[in-house]
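Thank you all for coming, and please have the sequence and the structure open while I talk.

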Amino acid sequence: MSADVPLQTRRDLAPRELTVITALGTMVVVSCLWLWAGFATPADARGVMAITGGLCAVLLTTAAAVIAHHVATGRRLREQARAAASRVARLEREIVRVAEDTLPALGRQMRGGSSVPDALSRLPRPPDGPLQQLLKATANELDGLERERAIAHASRSATESEILTLTRDTLPELVRQIQAERKPVASALAGVRRPVHAPLRDLLTETAQHLSEGDRRGAAVMAACAGAAARVQAQATSLLARLRDLEEEYGDQEEVFADLLDLDHRVSQLGRLADNIALLSGGRSGRRWTRPIVMESVLRGAMGRISAYQRVRVHSTSTVAVVGYAAEGVMHALAELMDNAATFSAHGTEVHVYVDEEDAGMVVTIEDSGLGMRPRERRHAAKLVSEPLDLRTLSGTRLGLAVVGRLVDKYGLTVSFRPSARGGTGVVMLIPRVLITQPRAGEPPAAIERQARPALVAATVPAQAAPVEEAEESLPRRRRGQTLAEATGSRPATAVKPQRGGREAAARFAAFRQAGGRGRPADPASGDA
């Protein structure tokens, strides 16, 4: 049924109008009947008839009017109910159409960027006025929400861009300026791009303050560690000097001399650990050389600083020397690499050291027959010795490689790892040509070796000492006051008498100890630092 078709074709009387008409009609009819009854009634009863008829006429007229009013009212109410039901049904259909079609289309129009008038003009408008107002109000609200969404999206995009710039550019630059260039917080913040958003600016400022505070604390801790390491180095040097005096004093007492040599070796290893701490905390090694050190002395000096020196075999025919300022660093790096090779291989196996001269410099290869390193471990080791050291990410099992990394960075060395043909790991260290020199012309080899306290024997130290019976008559006996350094130095050879029941290992270790630069302080003319 169309909504435009009228529900009725004639005008119905209102309840009031129908009541008046009914009352008047009833009154006319009753009046006529009352007059007729009055004339038909005898004369003596007309008075009673008139009163009774009048009352009846009034009551009948009132009753007819009330009945007519109620009938008209009921009919009007039924017509209004039918009209209301029809209107409700029509509104329901319009609401469903608006909800299912009009509003989604309106949302698409608003998201597409249309204005409110343009969006409403493209949509079918409902015939009902309230629904039209509702549709317009909805369009205005959607327009406001769309503007807010666009503003929020732009703000989010700007914030994301600021965060990306902050994390990718600003923070690394801030860290570099505070930690590397040691700039104060204000100068560092002035030298970086600050975010536009206030919370990000506050975050950047707070981060800079924490970085500066952490850097100050870290520098204080590193300085304290370097100072403590320097004191340990000084104590180790003093203790070694005292041990040398005792070795000279008790050199003819074999048992005491052997114990002193063992203690000397242990103190030397303690000094190497102190040097490690000093290097990791920004300090320097406890030894320095002013003259070139021959390569053989550098290798033997490195061997003298590790506990498993008897397992190291050196294969070298090189006669070149390492410049004085780098000799201690090269010796220390080789000691750490040799110690790693000996530590991570079986106890009864040997560590072989090969030295080759190339156009680029001196190549030292250290090979062991241990379990080897997996590719991931080799990459991690190469990273430790090639990239700048971050002590916060350093594990306690890779301190030696971290020390090598410091020395590599300081002296321009190159260290790489590869599988060894012996089944373990091979470490290749390239000493650049700039650190290689030839022994000085006119200077005897003994004088050059004396700078590094070379071993008294040319061969490597055997892994095990020879039986006492075999060595008893073959080893020289030191006289009181005659040091091993003097035995290889400028003093003339002196007559010696055979040892009685001495230890071959102790005597050979006494000679080997000199290779680590732990002899008596040399004369000023010798060039020792």
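Predicted model: local features only at pLDDT ≥ 70, side-chain atom pairs only at ≥ 80, totals over all residues.

S268 lies within helix α7, which covers residues 254-280, and since buried means under 20% relative accessible area, S268 with its 1% counts as buried.

Now let us step back to the whole chain for a moment. The protein has 529 residues, and 39% of them count as buried, while its secondary structure comes to 15 helices and eight strands. If we take contacts between residues at least 6 apart in sequence, 74% of them join residues at least 24 apart.

From here I would like to turn to how some of the helices pack. As a reminder for those new to this, two packed helices are described by the angle between their axes and the distance between the axes. For α7 and helix α9, the latter being residues 324-343, the angle is about 110° and the axes are 12 Å apart, and the two helices are therefore roughly perpendicular to each other. The crossing of α7 past α9 is left-handed. If you want to find this place on your screen, look on the α7 side for R272, D275, N276 and L279, which meet E328, H332, A335, E336 and D339 on the α9 side.

Helix α9 also packs with helix α8, residues 295-303, and here the angle is about 50°, with the axes 8 Å apart. That makes α8 oblique to α9, and the crossing of α8 past α9 is right-handed. Among the residues of α8 that take part are M295, V298, L299 and M303, and among those they face in α9 are V330, M331, L334 and M338.

Let us go on to the strands. Strands of a sheet pair through backbone hydrogen bonds, either parallel or antiparallel. In this model, strand β2, residues 312-315, runs parallel to strand β4, residues 351-358, and four bridges join them, with V312 standing opposite V351. β4 then pairs with β5 in the antiparallel sense over seven bridges, where E357 stands opposite M362, and these two strands form a hairpin with two residues between them.

Moving along, strand β5, which is residues 361-367, pairs with β7, again antiparallel and over seven bridges, and T365 stands opposite V428 there. β7 has another partner in β6, to which it is joined by six bridges in an antiparallel arrangement, with R418 opposite G426. So how covered is β7, and how many of its eight residues are buried? β7 is mostly covered, with seven of its eight residues buried.

β6 and β7 form a hairpin as well, with five residues between them, and G423 in the turn has a positive phi of about 100°. In that loop, between β6 (414-419) and β7 (425-432), we also find R422. R422 and V351 are 71 residues apart in sequence, but their C-alpha atoms are 9.8 Å apart in space.

I will finish with another sheet, which is an open one made of three strands in the order β1-β3-β8, with antiparallel pairing. β1 (293-294) and β8 (436-437) stand at its edges, and each has a single partner strand, so one side of each is left without a neighbour in the sheet. β1 pairs with strand β3, residues 321-322, over two bridges, and the bridge partner of I293 in β3 is V322.

Definitions and conventions: Residues numbered from 1 in each chain as written. Heavy atoms only, no water. Pairing = 2+ DSSP bridges. Buried < 20%, exposed > 50% of the residue type's maximum accessible area, 1.4 Å probe, protein only. Axes fitted to C-alpha atoms, helices over the stretch in contact; angles between N-to-C directions. Parallel < 35°, antiparallel > 145°, perpendicular 65-115°, else oblique. Left-handed = near helix turned anticlockwise from the far one by under 90°. Contact = heavy atoms within 4.5 Å.
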